[in-house]
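Please keep the sequence and the coordinates in view while reading.

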Amino acid sequence: MMETLIQVFSRPGAAIIALFASIGRASIFAARAIWSAMRPPYYPIRLIEQLISLGYFSLPVVGLTALFTGAALAQQIYVGGSRFNAESTVPAVTVIAMVRELAPVLGGLMVAGRVSSAMAAELGTMRVTEQIDALKTLRTDPFQFLIAPRLFAGTIVMPLLVLVANAIGVLGGYILAVYRLGFNGANYLETTRAYLEWDDIVSSMVKAGVFGFLLALMGCYHGYHTEGGAAGVGRATTNGVVSAFLMILLANLIITVLVFG
Amino acid sequence: MVEDGQQRRKGASIEIAGLRKSFGDKIVLDGVNLGATPGESLVIIGGSGTGKSVLLKCILGLMPPDTGTILIDDVDMTNAPRSEREEVRDRCGMLFQGGALFDSMNVWRNITFALTRGRQRKSKEMRRIAVAMLEKVGLEERVADLRPAEISGGMQKRVALARAIAANPDLIFFDEPTTGLDPIRANTINHLIRNLTTGIGATALTITHDMESAKIIADRVAMLHEGRIIWSGPVDQLENSGNPLVDQFVHGRAK
């Protein structure tokens, strides 16, 4: 009887222990990267390279995501609102939904899809071809040279990207509402401005910073710990993206409950 | 000073005692005892999967051993304070089996990486040093501006060799330096390693299963078998070691 009970609980128990162990390892990894970044030598050029790669080259995908989402959201709010004569809420709900939730979350997911995978694949390839070992033998700490610039770039660049995504998302809603649904442009913008609060923008930026850190952390963590050749790089890339997605959604829930709960 | 501005080195002594390393139930190193004197070229031979690469990684600090000591110039690399260990590691160079050149950088930045620690500084001077190193390993200046992916495997190996010696190391490690090369290029690499180590005066520790390579590079040879050093002696005694396992390996006999 006792043995059966132990067998029943052993698998979920092992999974929970493994989950906590992974969270612990990723936390130590992040702490080590932050500590490394505080000590010389510093690599400003590496940081700039990552800022450009992560930020500038993610602009089109984040911008288009925000534009389409803002427009679709305006259409849905209009259709839903018309059921109880609340079509006029389109600008207010669109801006609040975009700024509080959709721009940071969808922006984070899109950048994670693009960047976490690239980081995991690049670092994973460096691991299996012994380039990371080579760094250590060439008087260079891989955490200072590879990991810290990526984590800092993610944390710095995501709020800026989401700021742009917020504006483009509102623009998407505006275009659809004005040119398809017949809203007055000036009124739409005035309502948007009236309902948008500083707290919304700040929470949006805070979320984006956290998401940027998490998506870079997951890409770097899985890439750095790659094992087993090309197949291992493939696994690291998949794990990097999936875990970044999950971390972003979980962090979003926690921040939303803490800030707006 | 020797030619091309490289300083003559005094070499480093290395002393390994009772080194053990296991992965789960599998014992890879089972009490390795080994030493090299300053300026000596020691080659460790052994079949595939006998723990040669693990031994090298333990010495380089890329993998912690389970027990045992590794002394480099009397500094215990398993227990000494981090700053002391880093100081010793700064005097080491390493040629990886696959070259391990950084894809994202051109050849000259790869070669001078140990001098700049990856920072983009003194570019003109660094490029000049890299070109001198390229000349040492028999490559032309035009290679300096190419990426590793744009040059052949043999050239990559020579660039990696140039990178390993660029910072004037006292102790150089070579991991299977001729693997994957045709006999002519392998011979070129062997002679380059011999000339460079003799020329610089550094201690060299090479792991290989290529007997031709061992005969050219080594002053002394040690054989690793089932995680232990089973024979060690001067290279000219390799053919007459008196050890049946060494004879079998040297002559490539199946049984």
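Buried area is the accessible area (1.4 Å probe) that two parts lose on being put together, summed over both. Between chain B and chain A this area is about 1,900 Å², and carbon and sulfur atoms give 57% of that value. On the side of chain B, L62(B), F102(B) and R117(B) lose the most area to chain A, together 27% of what that side buries. The model is predicted: local features need pLDDT of at least 70 and side-chain atom pairs count only at pLDDT 80 or more, while totals for chains, interfaces and linings use all residues. Residues are numbered from 1 along each chain as its sequence is written, chains are lettered from A and ligands numbered from 1 in the order in which they are written, and side-chain values use heavy atoms, with hydrogens and water left out.

With contact taken as heavy atoms within 4.5 Å, the interface draws 23 residues from chain B and 19 residues from chain A. Two salt bridges cross between chain B and chain A, a salt bridge being a side-chain nitrogen of Lys or Arg within 4 Å of a carboxyl oxygen of Asp or Glu. One salt bridge pairs the side chains of D133(A) and K57(B), with an N to O distance of 3.9 Å. Helices (H or I, at least four residues) and strands (E, at least two) are DSSP runs, numbered from the N terminus. In chain B, helix 1 (52–60), strand 6 (92–95) and helix 4 (113–116) each supply at least two residues of the side that touches chain A. That side of chain B comprises twelve nonpolar, four polar and seven charged residues; here Ala, Val, Leu, Ile, Met, Phe, Trp, Tyr, Cys and Pro count as nonpolar, Asp, Glu, Lys and Arg as charged, and the others, Gly among them, as polar.

Attention now turns to chain A. Chain A has nine helices and zero strands, and its C-alpha atoms fill a box of roughly 65 × 60 × 30 Å, taken along the principal axes. Helix 3 (residues 59–82) and helix 4 (residues 90–128) of chain A pack at an angle of about 145 degrees, with their axes 9 Å apart. These axes are lines fitted to C-alpha atoms, for helices over the stretch in contact, and angles run from 0 to 180 degrees between N-to-C directions. Residues in this contact include V61(A), T65(A) and L73(A) of helix 3 and V93(A), M98(A) and R114(A) of helix 4 of chain A. By class, the contact between helix 3 and helix 4 of chain A has 15 nonpolar, five polar and one charged residues.

Two backbone features lie in loops of chain A. Most residues other than glycine have a negative phi, and most peptide bonds are trans. P40(A) and P41(A) are joined by a cis peptide bond, with omega about 0 degrees, and P41(A) is found in the loop between helix 1 (2–38) and helix 2 (44–54) of chain A. E130(A), a residue other than glycine, has a positive phi near 65 degrees and is found in the loop between helix 4 and helix 5 (131–137) of chain A.

Over all chains, the count comes to 22 salt bridges. The side chains of R46(A) and E49(A) form a salt bridge at 3.5 Å, N to O. Because R46(A) and E49(A) are three residues apart in helix 2 of chain A, about one helical turn separates them.
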